[in-house]
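Welcome, and please load the model in your viewer. We will walk through it one selection at a time.

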Amino acid sequence: QVQLVESGGGLVQPGGSRKLSCAASGRNFGIDAMGWYRQAPGKQRELVATITSGGSANYADSAKGRFAISRDNAKNTIYLQMNSLKPEDTAVYYCYARALVTIAWDDYWGQGTQVTVSS
């Protein structure tokens, strides 16, 4: 099993910044894509950004130009730098990883970290 632990959530004012971290641990034979999804109250979970083991990043339109995802493969950790935060960015942010644990690639999710953008 792969465990994902997020950190960095909290309350931030509109226009502010916040950096989320997600560390993966547990026995595995490789971790491919990792990323961040978010879920606001009453809404479906949506993609924020993903990054491959090679460093190729993909962003939702809502995140382009404001958020930056990065990855430290040696630490099995990803980061999400969020700038120019808006109230509509308020959500629970979930870390995601696609990992090879047995004989097939599976998806793993963290518990989530709350980000609240409010004055």
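A salt bridge here is a side-chain nitrogen of Lys or Arg within 4 Å of a carboxyl oxygen of Asp or Glu. This is a predicted model, in which local features need pLDDT of at least 70, side-chain atom pairs count only at pLDDT 80 or more, and totals for chains, interfaces and linings use all residues. Residues are numbered from 1 along each chain as its sequence is written, and side-chain values use heavy atoms, leaving out hydrogens and water.

Start with the cartoon view. The protein chain has zero helices and eleven strands (DSSP runs, numbered from the N terminus: helices are H or I of at least four residues, strands E of at least two). Its C-alpha trace spans about 45 × 25 × 20 Å along the principal axes.

Next, select Asp89 and Arg66. Their side chains form a salt bridge at 2.7 Å, N to O. Asp89 lies in the loop between S8 and S9, and Arg66 in the loop between strand S6 (57-59) and strand S7 (67-72), 23 residues apart. Both residues are buried, meaning under 20% relative accessible area, where exposed is over 50% and partly exposed in between (1.4 Å probe, protein chains only).

Is Glu46 buried or partly exposed? Glu46 is partly exposed, at 35% relative accessible area, while Arg38 is buried at 6%.
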